[in-house]
Amino acid sequence: MAYTVLLHIANEDPVVGEIEELPSPSDVLITVQNPRLRDGKDLHYLQADVTSVVWPWDRINFLEILPTGGEEEIIGFVRE
């Protein structure tokens with residue numbers, strides 16, 4: 001299952017991409033597929049045909065895990 005994440009990289013704009021599994025505490029790198037800006041534009045510092053990027057954890061301030069389409073459709077208890 002791929003997770004869509006928002007990476008907050010030091011001194012850069014946030015990057016959206018997909019990761020195959022959530023990182024463990026012992027990881028030193030994170031591999032992101034389809035990296036792009038929040039608005040879907042390409043990253044200016046990557047070549048046009050790049051599909052995966054590996055970033056070291058020491059460059060990342062924090063990671064947000066974005067909800068997927070299936071999670072958004074879950075309906076909780078509604079009182080009518």
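**Notes on the predicted model**

1. Of this protein's 80 residues, 21% count as buried. Keep in mind that what you are looking at is a predicted model. The exposed surface comes to about 6100 Å², and carbon and sulfur atoms supply 51% of that.

2. For the overall layout, count one helix and five strands. Going along the sequence, they come in the pattern β-β-β-β-β-α. As for contacts with a separation of 6 or more, 44% of them are between residues 24 or more positions apart.

3. Who are the neighbours of strand 1? On the one hand there's strand 2 (residues 15-19), which runs antiparallel to strand 1 and is joined to it by five bridges. Look for Y3, which stands opposite I19 of strand 2. The two strands make a hairpin with five residues between them, and N11 in the turn has a positive phi of about 60 degrees.

4. Strand 1 also pairs with strand 5 (residues 60-66), again in the antiparallel sense, over six bridges.

5. Now for the surface. Which residues form a nonpolar patch there? They are V28, L29 and V54, with about 280 Å² of accessible area together. L29 belongs to strand 3, residues 29-37. With a relative accessible area of 48%, L29 counts as partly exposed, because the exposed class needs over 50%.

Note on methods: Residues are numbered from 1 along each chain as its sequence is written. This is a predicted model: local features need pLDDT of at least 70, side-chain atom pairs count only at pLDDT 80 or more; totals for chains, interfaces and linings use all residues. Side-chain values use heavy atoms; hydrogens and water are left out. Two strands pair if DSSP finds at least two bridges between them. Helices (H or I, at least four residues) and strands (E, at least two) are DSSP runs, numbered from the N terminus. Patches are made of residues with over 30% relative accessible area and no salt bridge: like charges are joined within 9 Å, nonpolar side chains (Val, Leu, Ile, Met, Phe, Trp, Tyr) within 5 Å. Accessible areas come from the Shrake-Rupley method with a 1.4 Å probe; for residues, only the protein chains shown count as cover. A salt bridge is a side-chain nitrogen of Lys or Arg within 4 Å of a carboxyl oxygen of Asp or Glu. Buried means under 20% relative accessible area, exposed over 50%, partly exposed in between (1.4 Å probe, protein chains only). Contact means heavy atoms within 4.5 Å.
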